[in-house]
Amino acid sequence: MMDLISEPIKNWLTQQINSVEFTIVQLAGDASARRYYRVIQGEKTWVLMSWEPFTAEAYPFLSVQKHFLACYVQVPEVVAIGESLGVLLLEDLGDLTLERKFWESSKPEASENFYLKTIDELIKIHDVATFSDIKSTASTTKFDTAKFMWEMNYAKDNLLSGLLNVKLNEAAANELDSAFMSFCSILDQQPKVICHRDFHSRNVMLKLNRVIIIDFQDARLGPVQYDLVSLFKDSYVDMSDEYAARLMNYYLQNSKLKKSPTFSEEEFFKIYELQSLQRCFKACGSFASFMNQRGDTRYLKYLSPTLRRVFKALAHFPEYSILNKILIDAGALEKKFESLP
């Protein structure tokens, strides 16, 4: 299996672990273009992350990892850096994700202790890393109207036009663009904290009763609700509203947010539903894009449940009914996406 990696990377690994006797096993990839391998030497293991050459000082993964680590967020240890080869040697966190823990019991609530620990890490990101003197790409990059709009247009192109074959007339297209611009602008106006940006159950690893956060390289400033939607309306798990409400209450009771004199629960949950609309529609666009752009059908099964969350959020905002109408007319809820070739 050594031919999985190039000779220069093999030589680099030999230097880092001080041995020529090791085995390489490719790990299953997710939606990312990065490739991951397990490096095994006797009883010792590491994970090799391979992408493209980078400069360590400006590399978002390393920038955010240092920032989060300094703020006591549980993140993987960086063992070695190979800039010119585009590789990192990381602590091996095993294969147990929060998603797997959720599904492995007949009662999803059996995972609650791990969800509470995950929320503790999220609070460190929101309450500690945001206000730390340490700066990283997470504190200099942000969700703004333009970024939110890019995500909406990406979803429009890949889900509506690409997968559902929706043809909009000029009036409908303009109305949809206006709706997008309206709620993206409102989200941009919200107070910002550092958001992980992809804080779902596949990006939380469980190791020796610890939770460790991964895939944080796209962290940026944004509404506090963004990560909460990602976790509580996660496309990869079927979390009940009651379970999500209990976890949300834990977050509100333990974060600094509710202690602010300007906090309004009514406004918080209004923005939470608006962020649900934006985040879940964006996720649908991503799932569709994997099919459209590389023929990857693995994510099609997540489209219908995520679209139902979009419809549920839209029920709170009749002013954006144009999106509801377009999806209904396209038969989005009745479509069997997973049976597409």
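Leaving aside neighbours within four places in sequence, leucine 159 is in contact (heavy atoms within 4.5 Å) with Leu164, Phe281, Cys284, Gly285, Ala288, Leu303, Leu307 and Leu327. The model is predicted, so to speak of local features pLDDT of at least 70 is needed, side-chain atom pairs count only at pLDDT 80 or more, and totals for chains, interfaces and linings use all residues. Residues are numbered from 1 along each chain as its sequence is written, and side-chain values use heavy atoms, with hydrogens and water left out.

Of its 96 residues, Phe68, Leu159, Phe232 and Leu327 touch the most other members.

Now to how helices meet. The axes of helix 6 (residues 145-163) and helix 10, lines fitted to C-alpha atoms over the stretch in contact, with angles from 0 to 180 degrees between N-to-C directions, come within 8 Å and cross at roughly 50 degrees. Helix 6 and helix 10 are therefore oblique to each other, the class left once angles under 35 degrees (roughly parallel), over 145 (roughly antiparallel) and 65 to 115 (roughly perpendicular) are set aside. Leu159 of helix 6 is among the residues making this contact, as are Phe281 and Cys284 of helix 10.

Terms used:
A nonpolar core is a set of buried Ala, Val, Leu, Ile, Met, Phe, Trp, Tyr and Cys residues joined through side-chain atoms within 4.5 Å. Buried means under 20% relative accessible area, exposed over 50%, partly exposed in between (1.4 Å probe, protein chains only). Helices (H or I, at least four residues) and strands (E, at least two) are DSSP runs, numbered from the N terminus.
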